[in-house]
Amino acid sequence: MTWREAVDKLVDTLRADAAGRDLAGADPTREVGLLRESGLLTLLIPADLGGVGESWLTANAVTRTVSAADPNVGHLLGYHYLQLWRGELFDQPDLVARLRRETVTGNHFWAGVSNPLDAALELTPVDGGFRVNGRKTFATGAAVADRLVVSATRTDNDEKLTFVLDAHAGGISYLGDWDNIGQRLTASGGVVFTDVFLPADDVLGRQPADQSPRLSLAAIGFQLFLTQIYLGIAEGALIEAADYTRHRSRPWFLSGVDSAVEDPHIVAGYGELVSQVRAAGALTDDAARALGAAFDRGADLTEGERGEAAVTISAAKVVATMAVNETTSKVFEFVGARGTARKYAFDRFWRNARTLTLHDPVVYKAREVGTHFLTGDLPPFTGYT
């Protein structure tokens with residue numbers, strides 16, 4: 001089975017019961033199992049290490065397509081790709097190669113524990129490595145992962161290190177306290193680390209206070225993949241609302257037409273939303289190419305090149321945020337009153353969009369774009385820009 005066929009099969013499986021699974025709100029154990037079965041977890045791993053050997057742009061496209069069927073699973077898969085990808089930003093080729101071989105052999109699913117605004121994890125040096133202690137508030141997918149990428153601060157010199165851990169290592173406990181209105185199947189609850197041993201050989205590297213342009217790509221990589229998920233949510237809402245409109249919606253008695261798909265107001269309304277989502281998608285594709293090109297520059301990446309990629313991603317996020325929030329709200333006008341029945345769960349698209357688009361305030365992304373346009377200044381290196 002090719003990766004394209006695997007994506008099609010996964011999408012069909014997820015879409016068939018997405019509404020019911022959202023209502024149930026269980027941990028995504030089955031969903032991660034479907035990702036394992038699909039073979040898509042090794043999409044980005046080079047073929048010479050046993051992976052599929054596909055490109056960065058392919059990983060972006062797959063994340064958006066899967067998100068259209070179920071944004072919970074798209075979120076998990078996109079973050080999996082990000083965690084594998086960000087390891088390559090550090091100068092640790094032997095460790096990265098080992099981790100990729102292990103991922104192929106074990107069919108591992110990856111997640112991360114590194115909320116930039118929650119610097120609560122501490123590393124205490126011990127023989128052979130460190131002990132990890134502390135609590136992180138949000139950690140999407142960690143509770144159902146095999147491997148974690150984690151950031152913490154050393155207690156002896158305040159250096160911030162990024163490292164990998166076995167998600168089932170002794171001393172790690174998952175709180176299961178994710179209870180938000182959307183993305184209910186992403187296992188995004190808190191994690192507690194109690195004297196978890198970290199071997200020195202599993203440290204990816206140090207995060208310098210004045211991040212290098214290459215290391216700082218991780219932050220805008222997360223912004224890009226969130227944008228892909230936004231687009232997936234909007235596309236999924238349109239796909240399912242259109243199906244309902246074709247087969248269940250009734251024309252308004254004053255419309256003078258025999259079916260809802262002949263109502264000029266409904267037709268034009270869909271046309272406007274589709275156009276907005278396509279425009280946001282084109283800009284996001286441009287952003288994915290920009291980040292891929294920045295990554296390919298390696299150690300030669302300049303602050304200016306990195307900044308231009310960051311502004312492009314911010315612009316895409318601004319437009320995608322507007323598109324997904326309008327789309328997931330407006331489709332109710334086209335499915336009609338009967339479409340609000342709980343069994344159809346059209347509200348899940350809006351709930352998922354509202355939850356994810358508040359990840360960090362989009363107005364600050366608009367400010368980055370506006371500042372660059374007016375003054376030429378580039379976004380600073382932060383955990384979000």
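Mentor: Start with Ser314. Leaving out residues up to four places away in sequence, Ser314 touches Lys365, Glu368 and Val369. This is a predicted model, so read each contact as a computed one. Ser314 sits in helix α9, which covers residues 303-335. Is Ser314 buried or exposed? Its relative accessibility is 3%. Buried means under 20%, so Ser314 counts as buried.

Now turn to another pair of helices. Two packed helices are described by the angle between their axes and the distance between the axes. Take α7 and α10, the latter being residues 347-357. Their axes come within 10 Å and cross at roughly 165°. An angle over 145 degrees counts as roughly antiparallel, so α7 is roughly antiparallel to α10. The crossing is left-handed. Which residues meet there? From α7 come Leu226, Ile229, Tyr230, Ile233, Gly236, Ala237 and Glu240. From α10 come Arg348, Phe349, Asn352, Ala353, Leu356 and Thr357.

Next, the nonpolar core. The largest one holds 105 residues. Leu40, Val62, Tyr81, Leu148, Phe163, Phe193 and Leu217 touch the most other members. Helix α7, residues 217-247, gives this core its largest share, 17 residues.

Pick out Phe193 from that list. Set aside its neighbours within four places in sequence. Phe193 is then in contact with Val113, Leu121, Val132, Asn133, Gly134, Val150, Leu165, Gly171 and Ile172.

Now look at strand β4, residues 147-154. Seven of its eight residues are buried, so to speak mostly covered. Which strands pair with β4? Take them one by one. Strand β1, residues 110-113, pairs with β4 in the parallel sense over four bridges. Within that pairing, Gly112 stands opposite Val149. Strand β2, residues 122-126, is also parallel to β4, over two bridges. There, Leu123 has Arg154 of β4 as its bridge partner. Strand β5, residues 160-166, pairs with β4 in the antiparallel sense over seven bridges. In β5, Asp166 is the bridge partner of Arg147.

Finish at the turn. β4 and β5 form a hairpin with five residues between the strands. Asp158 takes a positive phi there, near 65°.

Technical notes:
Residues are numbered from 1 along each chain as its sequence is written. This is a predicted model: local features need pLDDT of at least 70, side-chain atom pairs count only at pLDDT 80 or more; totals for chains, interfaces and linings use all residues. Side-chain values use heavy atoms; hydrogens and water are left out. Buried means under 20% relative accessible area, exposed over 50%, partly exposed in between (1.4 Å probe, protein chains only). Two strands pair if DSSP finds at least two bridges between them. A nonpolar core is a set of buried Ala, Val, Leu, Ile, Met, Phe, Trp, Tyr and Cys residues joined through side-chain atoms within 4.5 Å. Contact means heavy atoms within 4.5 Å. Axes are lines fitted to C-alpha atoms, for helices over the stretch in contact, and angles run from 0 to 180 degrees between N-to-C directions. Angles under 35 degrees count as roughly parallel, over 145 as roughly antiparallel, 65 to 115 as roughly perpendicular and the rest as oblique. A crossing is left-handed if the near helix is turned anticlockwise from the far one by less than a right angle, and right-handed if clockwise.
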